[in-house]
Amino acid sequence: MGSERESQRSSIPGRFEEEIYRRLRDLVWRRGASTWTCTRTSACSAGSRFASGVRGPDLRVYLRRVARDPIERVQLVKALTIHVSQFFRNPSTFRAIEHEALSSILSDKERTGARALRFWSVGCACGEEPYSLALLLMEVAPDAIRRYSTAIYGTDVDPGCLRLAQEGRYPATSLKSVPARWKQRYFTTVGTTIAWCRGAPHGPLQVHSIVDPVPFGRIDLAVFRNVLIYMTEQLQERVLLAVHGALNVGGFLVLGKVEGLAGLAQDLFDAVNIPERVYRKRGR
């Protein structure tokens with residue numbers, strides 16, 4: 001009997017931690033954050049430190065306040081999320097985009113006579129990913145920019161990151177995967193930062209959460225990396241179906257290397273490159 005009571009008592013902290021983790025996660029996603037960066041343990045400890053250091057010692061009381069106050073939610077999101085990116089992050093993925101996605105997309109455009117070329121970087125942070133797609137297009141398919149109405153959309157939930165993306169200034173460390181000749185051609189040094197070329201093709205950089213309706217369609221390539229891993233399987237399925245609806249038939253989807261398709265989405269895409277998580281929307 002004593003050991004049973006001891007076991008029940010020892011499970012209470014675990015249940016409390018699970019509850020707090022779930023509530024933190026739900027609050028962050030309700031606010032629309034694109035990156036839930038904390039493990040269960042780090043989320044609870046970070047949330048506890050943030051609550052006690054800023055708003056008082058009782059985490060449950062603090063979470064109730066966060067649920068009511070949008071300003072508190074913004075502060076919580078900033079405390080628990082990060083935006084980490086660089087140009088050509090995971091270069092092998094961009095090689096797969098070049099050789100297996102872009103070549104096929106352009107071939108289909110030639111065959112069908114379509115006149116628009118649309119890429120979408122989901123959770124683009126400070127713009128490195130959509131600008132990397134623009135660099136790739138300018139270098140390997142410069143004729144396509146002249147032949148097609150070209151747009152490269154970048155979306156993120158953080159307006160501050162998008163403002164930095166609009167400025168297009170980056171530390172040298174974020175360009176470590178950019179070939180030297182490309183740096184000379186497309187970037188200029190401005191003080192301690194490096195500025196991105198303004199003449200590149202791009203679409204709007206806009207605030208958007210992937211859990212909300214997609215604001216555009218007829219996408220040829222959606223790069224959607226390292227966002228699904230922070231979602232429940234049900235939410236993964238929901239957002240993948242939304243992205244599927246935004247893609248052209250035969251359009252490409254690129255996920256993060258530890259991600260995969262979920263639910264009904266598994267039947268809507270063909271795998272093109274499993275190691276690089278490149279998929280293609282099925283259909284004629």
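1. Of the 284 residues in the protein chain, 48% count as buried, where buried means under 20% relative accessible area with a 1.4 Å probe, protein chains only. The model is predicted: local features need pLDDT of at least 70 and side-chain atom pairs pLDDT 80 or more, whereas totals for chains, interfaces and linings use all residues. Residues are numbered from 1 along each chain as its sequence is written, and side-chain values use heavy atoms, with hydrogens and water left out.

2. The protein chain holds ten helices and ten strands, which are DSSP runs (H or I, at least four residues, for helices; E, at least two, for strands) numbered from the N terminus. Of the contacts (heavy atoms within 4.5 Å) between residues at least 6 apart in sequence, 72% join residues at least 24 apart.

3. A search of the whole structure finds zero disulfides, a disulfide being a pair of cysteine sulfur atoms within 2.5 Å. For C124, the nearest cysteine sulfur, that of C161, is 8.1 Å away. The sulfur of C126 is 3.9 Å from its closest cysteine sulfur, also in C161, and is therefore too far for a bond. C124 counts as buried at 2% relative accessibility, and C126 counts as buried at 16%.

Note on methods
Buried means under 20% relative accessible area, exposed over 50%, partly exposed in between (1.4 Å probe, protein chains only).
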